[in-house]
Amino acid sequence: MPEPFAHVRLPSRIVLGPGALDQVPEEVDLLGIGKVLLIATSSVREAADLLQIALGDRFAGRIDGVKQHVPVERAEAAREKAREVGAAAIIAIGGGSAIGLAKAIALTSGLPIIAVPTTYAGSEMTPVWGQTSDRDKTTGTDLAVLPKTVVYDPLLSRKLPIATTAASVANAIAHCVEATWTNKADPITDITAVEGVRALKEGLTAAIKDPQDLDARSNLLYGASLAGSALASAGTGIHHKLCHLLGGTYNLPHAETHAAVLPQVTRHKATGRAKQDLEKTLGTDDLATGLFDLFDQAHVPTSLKALGLTEDQAQDAAKKFAAAHREEDPQVITDILLAAWAGTRPTNEGTAR
Ligand code: NAD
């Protein structure tokens, strides 16, 4: 019997399948919305061109090229563009950065979003928005930014380079793992997280062998969707907060930062039945080590040093985080960040290899 709990399910429609991009105009009609602003990551420009043509007179305007962590100036320019073209909705095609920019518009205008994710960041399933100003990342939660419809087309993500794929999968796995220890974790988020990790691991292993493997790409999008929804319900904890600080302050790449930090946080935070279930799913007897090895074998950088952070910056980040989060033990924060900086392989004993 589960312990008593409360769980909130978020309303969104999900369409997944090869060629699902072709369904986007129908999805626009289904929502009964008028003209749309298209936001596209530059790497999926061709698919965005096709979508623009298919939208016909539903198309109002387009923003090409996005930046990670939604710089405030980009958010303001995008809001202005939405007003200028009279957009009644936004379609974002690309990774978390494209979806993040759409969320910035939705936050102030309430315009509905249709998301077509091409990475595994999972942002499309969450009501969480983020914006960066002067190296300071602000995040918040607002149902207005939760995409109404999410269209997953594995044909699009086949072009995602394998290094970006692996890092993005690590980001999705981080959503799942952290979802098991936040104070809003419950049996539904646990089972979602475990199934998410299963699909992500299976998909990653197959995509490394053959990046064009459609089943692998479908599995990865399915896993990313579960990861995003686990994160949306369980909320963020120490891991995501640390990564937001690092990403916002030192402009580190989002997905790779998650990969370097997760095993070290897991070493300190993972406990109980969900930890055991995740270990079984990953085929490891220690979750932190298993995660580190999974990322390492997929050639995802496992240290912040490799991402360009200096040891002094890691120390500073620990001080900054501890000052803002008095509930956390400062020594644990320093241990996590220095181990993540060095890329130390966690072990059962908590010592380096
Ligand atoms: P991203 O959107 O910047 O994409 C990573 C890289 O992949 C980019 O260079 C992009 O051009 C390329 N790319 C994307 N799709 C491609 C494709 N199909 N083929 C080839 N290349 C492709 O990065 P991301 O990791 O997807 O997202 C990171 C951003 O999302 C961060 O700003 C992060 O804060 C945010 N995020 C938010 C949430 C949330 O719930 N709000 C969750 C996860 C991530």
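**Close-up views of the ligand site**

View 1. Domain 1 (13-157) and domain 2 (162-342) each contribute at least three residues to the shell around the ligand; the domain bounds come from an automatic or database domain assignment. The model is predicted, with local features requiring pLDDT of at least 70 and side-chain atom pairs pLDDT 80 or more, whereas totals for chains, interfaces and linings use all residues. Residues are numbered from 1 along each chain as its sequence is written, and side-chain values use heavy atoms, without hydrogens and water.

**View 2. The surrounding shell.** The ligand is surrounded by 23 residues (a heavy atom within 4 Å), the closest being Ser43, Ser97, Thr118, Thr119 and Thr126. By class, the shell comprises 14 polar, 6 nonpolar and 3 charged residues; Gly is counted as polar. Helix H4 (96-109) and helix H6 (162-179) each supply at least two shell residues (helices are DSSP runs of H or I, at least four residues). H4 gives the most, with 3 residues.

View 3. Polar contacts are pairs of N or O atoms within 3.5 Å. A polar side-chain atom of Thr119 lies 2.6 Å from a ligand oxygen atom, and a side-chain N or O atom of Thr126 is 2.6 Å from an oxygen atom of the ligand. A polar backbone atom of Leu160 is 3.5 Å from a nitrogen atom of the ligand.

Terms used. A polar contact is a pair of N or O atoms within 3.5 Å; within protein, one must be able to donate a hydrogen and the other to accept it, and residues adjacent in sequence count only if both atoms are side-chain atoms.
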